Amino acid sequence: MTSDPVLSIRAASKTFGSRRALDTVSLDVNRGEMIALIGPSGSGKSTLLRSIDGLQTIDEGGQIDAFGGSVQAKGRVSGEVRKARIRIGFIAQQFNLVGRLSLFSNVALGSLGRIPFLQGLFGAWPRETREAAMAALARVGVADYAGQRANTLSGGQQQRGAIARALVQKAKIILADEPVASLDPVSARKVMEILRDLNQSDGLTVVVTLHQVDYALRYCDRVVALKAGQKVYDGPASGLKREKLIDIYGPEFEDVFWEGAPQ
């Protein structure tokens, strides 16, 4: 891992009416890091992740850069944002697969930024895309379901398909927004293990929002905690002790652990 920042967030705020979802959050993400974003519901985790990808504008005064180029500043998304998005894979809680398409076709859609639009529209995938899609499906363990419609697959299988699509996209950063929230514990652990392997073996930068704090501690070296839109912790997972977790979540912090809270 190098110290070169691939993401830079400066004084990012976001106001919805009278509610401030983000409050002057600043953060640098270095190449090859795997970072968990944690915090209570409504703390601003998803808003921050969507803002990094330019899916949500932040208020004037904040700035977000990716790969050295602007994603947004002065309250508007940059005209250069598409260049960044090509290199950023976004994985949502609800998978964002097209249910009527096969898993293979959904994964191949990751190549749309690199092939002619009409070619992708009609599913005339070039050989490189076909091979990349099958390799990605094999990498995440669902190649046997390539021809199956996405809406007939389990949640865990669909989420692995979403990760495979990011691989075909040739993403350098994966932003995963609550990727295991809708999954059973076994499927959730598998998805987290895949993300961790991509980080460690391929050097992909991963930023993942999680409600399950034990998964953040187990799979991520660095944890960033938000509370009421403000950054209240940024450091090693090993530094998140019981007292700090109570400060973030309150006395019922055990509720955000699936497999046992620290004593």
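How do strand β4 (residues 63-66) and strand β5 (residues 69-73) pair, and over how many bridges? They run in the antiparallel sense, with four bridges between β4 and β5. Keep in mind for every view below that this is a predicted model.

**View 1. The open sheet, with β4 and β5 in it.** Five strands make up this open sheet, in the order β2-β1-β4-β5-β6, and the pairing is antiparallel. At the edges sit β2 (19-30) and β6 (76-77), each of which pairs on one side only. As a reminder, strands of a sheet pair through backbone hydrogen bonds, either parallel or antiparallel.

**View 2. Strand β9 and its parallel neighbours.** Here the pairing is of the parallel kind: strand β3 (residues 34-38) pairs with β9 over four bridges, and strand β8 (residues 173-177) is joined to β9 by five bridges, again parallel. Is β9 (residues 205-209) enclosed or open, and why? Five of its five residues are buried, so the strand is largely enclosed by the rest of the structure. Thr205, Val207 and Thr209 point one way from β9, while Val206 and Val208 point the other way, and all are buried.

**View 3. The largest pocket.** This pocket holds about 520 Å³ of space. Its lining counts 22 residues, and the ones nearest the centre are Asp53, Arg85, Ile88, Phe90 and Gln169. Elements that each supply at least two lining residues are α2 (81-85), β7 (88-91) and α6 (155-168). Of the contributors, β7 gives the most, with four residues.

View 4. A search of the whole structure turns up twelve salt bridges. In this one, the side chains of Arg10 and Asp28 meet at 2.9 Å, N to O. Arg10 belongs to strand β1 (residues 5-16) and Asp28 to strand β2, so the pair links distant parts of the chain, 18 residues apart. Both ends are partly exposed: Arg10 has a relative accessible area of 38%, and Asp28 comes in at 28%.

View 5. Arg20 forms a salt bridge with Asp23, their closest N and O atoms being 3.2 Å apart. Arg20 is partly exposed, with a relative accessible area of 40%, whereas Asp23 counts as buried because its 18% falls under the 20% cut-off. Another salt bridge has Asp221 and Arg196 as its ends, with closest N and O atoms 3.3 Å apart. That pair links distant parts of the chain, 25 residues apart: Asp221 is in the loop between α8 (213-219) and β10 (222-227), and Arg196 is in helix α7 (residues 185-202). Arg196 counts as buried, at 15% relative accessibility. Elsewhere, Glu33, Arg222, Lys231 and Asp234 are linked in a network of salt bridges.

**View 6. A nonpolar patch on the surface.** Phe117, Leu118, Leu121 and Phe122 form this patch, and together they have about 520 Å² of accessible area. Phe122 is found in the loop between α4 (117-121) and α5 (127-139). Why does Phe122 count as exposed? Its relative accessibility is 67%, and exposed means over 50%.

Technical notes:
Residues are numbered from 1 along each chain as its sequence is written. This is a predicted model: local features need pLDDT of at least 70, side-chain atom pairs count only at pLDDT 80 or more; totals for chains, interfaces and linings use all residues. Side-chain values use heavy atoms; hydrogens and water are left out. Patches are made of residues with over 30% relative accessible area and no salt bridge: like charges are joined within 9 Å, nonpolar side chains (Val, Leu, Ile, Met, Phe, Trp, Tyr) within 5 Å. Accessible areas come from the Shrake-Rupley method with a 1.4 Å probe; for residues, only the protein chains shown count as cover. A salt bridge is a side-chain nitrogen of Lys or Arg within 4 Å of a carboxyl oxygen of Asp or Glu. Buried means under 20% relative accessible area, exposed over 50%, partly exposed in between (1.4 Å probe, protein chains only). Two strands pair if DSSP finds at least two bridges between them. On a 1 Å grid over the protein atoms alone, a cavity is a set of points where a 1.4 Å probe fits but cannot get out, and a pocket is an open set with protein on both sides within 12 Å along at least five of seven lines; lining residues have an atom within 4 Å of a point. Grid points are joined across faces, edges and corners, and a volume is the space filled by probe spheres set on the points.
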